[in-house]
Amino acid sequence: MNKPLIGAFFAALLLGAGITPAVAAESAQAGESATETAPAAKAVTFAGTVALSNCSGSVVRSPDSQPTDPALVLSNGHCLETGFPGPGEVLVDRPSTRTFTLLNASGTGVGTLKASKIAYGTMTDTDLSLYELTSTYEQFETSYGIKALELETAHPVAGTAITVASGYWKRTYSCDIDGFVHQLKEGRWTWKDSVRYTPECQTIGGTSGSPVIDDATGKVVAVNNTGNESGQECTDNNPCEVDENGEVTVREGINYAQQTYNMVPCIGIGNKIDLDREGCGLPKP
């Protein structure tokens with residue numbers, strides 16, 4: 001995951017992005033030639049998703065978030081403009097002026113959102129970033145007529161129909177949750193209890209950070225982050241699965257996401273990240 005994809009590397013130079021991750025933006029030509037999956041369920045749209053310079057993301061809220069709280073943008077830790085966090089590294093309350101292109105239901109860009117800080121970011125145990133915006137949910141909804149996506153509070157279930165909605169590519173991928181991975185290892189990083197997709201979700205570079213949406217509820221259950229590209233074992237861009245007994249399995253062409261239910265208890269009053277709150281499952285600095 002340290003090695004930027006060639007197309008994304010030049011995109012990063014042009015757009016001023018930082019390091020480009022394993023599932024960050026590939027060249028447009030590569031994206032156009034990728035096979036698309038079946039259309040997403042009608043209930044799932046692009047409304048509330050965002051495009052980053054090298055990744056995808058979404059405006060999200062917890063069930064307890066208030067209209068006057070600063071809004072949050074969810075993406076991957078490996079999409080941070082500061083580069084890949086090292087194993088064991090956790091970023092909290094880092095200033096940021098990053099911008100995001102907000103999409104409406106049809107995938108049209110309707111405005112620019114701006115971060116005030118990186119509220120949280122890590123690639124340890126999970127692959128997650130949360131940006132705090134300069135606008136509140138109330139301001140966001142009033143300005144654009146779009147609501148933030150709600151985070152699911154319960155562990156997802158195998159067999160659930162899902163849609164991965166990429167704001168970067170303005171493309172969706174539909175499949176089911178195939179199961180869960182005890183440990184997913186890629187290069188120097190290890191992620192726990194990862195979501196494995198069925199083969200239909202052939203996500204590509206640029207889909208990193210996309211919300212994984214439960215088709216039935218419309219809630220976010222995970223954040224898309226990686227896939228095994230060439231069948232290698234536990235290398236960058238080729239994660240491997242490790243079970244409770246240490247057995248390693250490689251699934252070439254299969255893609256993965258990181259669950260988000262365990263971060264909901266970490267979102268406290270005023271949408272502030274509080275890693276000491278009861279039930280919070282995110283790593284601490």
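Helices (H or I, at least four residues) and strands (E, at least two) are DSSP runs, numbered from the N terminus. This is a predicted model, in which local features need pLDDT of at least 70 and side-chain atom pairs count only at pLDDT 80 or more, while totals for chains, interfaces and linings use all residues. Residues are numbered from 1 along each chain as its sequence is written, and side-chain values use heavy atoms, leaving out hydrogens and water.

F140 and Y144 are four residues apart in helix 3 (residues 137–144), so about one helical turn separates them. Rings of Phe, Tyr and Trp (its six-membered ring) pair if their centres lie within 6.5 Å; planes under 30 degrees apart count as stacked, over 60 as edge-to-face and the rest as tilted. F140 and Y144 form a tilted pair, with 6.1 Å between centres and 55° between planes. Buried means under 20% relative accessible area, exposed over 50% and partly exposed in between (1.4 Å probe, protein chains only). F140 is buried at 1%, whereas Y144 is partly exposed at 28%.

The whole structure holds four aromatic pairs.

A salt bridge is a side-chain nitrogen of Lys or Arg within 4 Å of a carboxyl oxygen of Asp or Glu. The count comes to 12 salt bridges, including these:

| Salt bridge | N to O distance |
|---|---|
| K117 and D93 | 2.9 Å |
| K117 and E132 | 3.8 Å |
| K219 and E150 | 3.8 Å |

Salt bridges link D93, K117, E132 and K272 in a network. Within it, K117 is buried at 16% relative accessibility, and E132 is buried at 8%.
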